Amino acid sequence: MSRAFAPSTVANIAIGFDILGMAVPVLGDRVSVNKIECGVVIDKITGIDNLPMEAEKNTAGMALLKMIEFEKLDHGFSVSIEKGIPLGSGLGGSAASAVAAVVAANELLDKSLPKEKLLRYALYGESVASGSVHADNVAASLYGGLTAAINLTNNIEEVGIIQLPVPDFHVLLIHPDIVINTRDARRVINPEIKLKQHIDNSMRLTAFIAALYTDNNIEKIINDGIIEPQRSKLIPDFDKIKKIAMENGAIACSISGAGPTIFVIGENKTLNDIKQKLMAINLPYDTDIWIDKIDNRGAYVI
Ligand code: HSE
């Protein structure tokens with residue numbers, strides 16, 4: 001038996017929609033894998049009800065089916081999934097299950113596979129949940145740190161990952177107790193953008209990447225004028241939360257992945273103050289609030 005942990009992730013980071021991701025391991029999924037004669041059997045899922053038990057419909061199951069197919073394995077896997085990341089939270093839960101599954105299964109192979117292959121199988125898994133190929137969550141969960149996923153052809157076989165320098169960021173995560181389905185959150189986005197928006201976002205992304213290689217000064221850079229205004233309508237009181245964060249010293253605040261989780265970047269002390277302020281206001285839902293740092297490690301065998 002082999003068991004692996006894959007961290008939760010903040011995708012997009014406001015200026016890199018479907019590109020940037022960072023690993024924030026305050027939460028994560030754990031997956032145990034055993035060898036069986038053939039196929040993939042999901043034995044058990046704990047932590048979340050109603051996830052599909054059919055391997056083809058489950059992100060971990062599909063990732064392992066692809067590993068068996070492409071590697072021509074002469075055995076199958078049974079799988080047990082412990083969900084630590086809430087469903088539809090915007091923290092990369094579907095990606096984490098797929099990543100933890102391939103990392104655990106890799107331990108059981110006669111010859112272990114390179115990360116590029118694990119990435120590819122986990123992406124097949126992730127696409128079952130979201131219906132699209134976006135590698136931002138999978139890349140950050142597998143590699144750790146801060147990653148850029150380059151997917152120019154929408155073909156899983158051609159996705160490339162860049163591991164970026166990891167800044168010393170503290171991250172506050174506010175998770176409203178509501179569920180947003182990634183497919184639905186992608187449907188609300190207008191596929192057309194104005195030239196001005198494209199230029200503005202390109203400048204911000206360029207400045208952000210440059211700052212990672214120079215002085216890490218990202219103040220006033222991370223701001224999303226394209227996706228956030230469209231998706232924030234799905235998160236009641238998003239504007240109120242962002243206002244409190246930005247008025248109290250945050251460096252950035254936006255939606256984590258498809259939401260509803262909201263991420264805030266700042267100094268540890270600032271984030272603790274913001275957390276206290278947020279806990280004191282009335283919101284139309286319960287919230288979980290965590291503070292963590294970006295972590296270099298990525299998924300690992302436990
Ligand atoms: N980049 C994806 C999106 C991440 O925002 O739709 C989904 O978790």
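Modeller: The discussion below treats helix packing, then spaces, then backbone geometry. This is a predicted model, in which local features need pLDDT of at least 70 and side-chain atom pairs count only at pLDDT 80 or more, while totals for chains, interfaces and linings use all residues. Residues are numbered from 1 along each chain as its sequence is written, and side-chain values use heavy atoms, with hydrogens and water left out.

Colleague: At what angle do helix α2 and helix α4 pack?

Modeller: Helices (H or I, at least four residues) and strands (E, at least two) are DSSP runs, numbered from the N terminus. Axes are lines fitted to C-alpha atoms, for helices over the stretch in contact, and angles run from 0 to 180 degrees between N-to-C directions. Here α2 (residues 93–107) and α4 (residues 136–143) pack at an angle of about 45°, with their axes 9 Å apart. That makes α2 oblique to α4; angles under 35 degrees count as roughly parallel, over 145 as roughly antiparallel, 65 to 115 as roughly perpendicular and the rest as oblique.

Colleague: Is the crossing of α2 and α4 left-handed or right-handed?

Modeller: A crossing is left-handed if the near helix is turned anticlockwise from the far one by less than a right angle, and right-handed if clockwise. In this model α2 passes α4 in a right-handed crossing.

Colleague: Which residues of α2 and α4 meet?

Modeller: Contact means heavy atoms within 4.5 Å. From α2 come Ala95, Ala96, Val99 and Val103, and they meet Asn137, Val138, Ser141 and Leu142 of α4. By class, this contact of α2 with α4 has six nonpolar, two polar and no charged residues. Ala, Val, Leu, Ile, Met, Phe, Trp, Tyr, Cys and Pro count as nonpolar, Asp, Glu, Lys and Arg as charged, and the others, Gly among them, as polar.

Colleague: How do the axes of α1 and α2 cross?

Modeller: The axes of α1 and α2 come within 7 Å and cross at roughly 40°, and the two helices are therefore oblique to each other. Their crossing is right-handed. On the α1 side, Thr59, Ala60, Ala63, Leu64 and Met67 take part, meeting residues of α2 that include Ser94, Ala98 and Val102. The contact of α1 with α2 has eight nonpolar, four polar and no charged residues.

Colleague: What is the crossing angle of α2 and α3?

Modeller: The axes of α2 and α3 cross at roughly 145° and come within 8 Å. This crossing is right-handed.

Colleague: What volume does the largest pocket have?

Modeller: On a 1 Å grid over the protein atoms alone, a cavity is a set of points where a 1.4 Å probe fits but cannot get out, and a pocket is an open set with protein on both sides within 12 Å along at least five of seven lines; lining residues have an atom within 4 Å of a point. Grid points are joined across faces, edges and corners, and a volume is the space filled by probe spheres set on the points. The largest pocket has a volume of about 660 Å³. Of its 37 lining residues, the closest to the centre are Leu87, Gly88, Ser94, Ala129 and Thr182. Helix α3 gives the most to this lining, with four residues. The lining has 14 nonpolar, 16 polar and seven charged residues.

Colleague: How many cavities of 30 Å³ or more does a search of the whole structure find?

Modeller: The search finds one, and about 70 Å³ of space lies in the largest cavity. Among the residues that line it are Phe17, Ile227, Arg231 and Ile255.

Colleague: Which backbone values deserve a remark?

Modeller: Most residues other than glycine have a negative phi, and most peptide bonds are trans. Lys72 has a positive phi of about 50° although it is not a glycine, and Lys72 lies in the loop between α1 (59–71) and β4 (76–82). The peptide bond from Gly259 to Pro260 is cis, with omega near 5°. Pro260 lies in the loop between β8 (252–255) and β9 (262–266).
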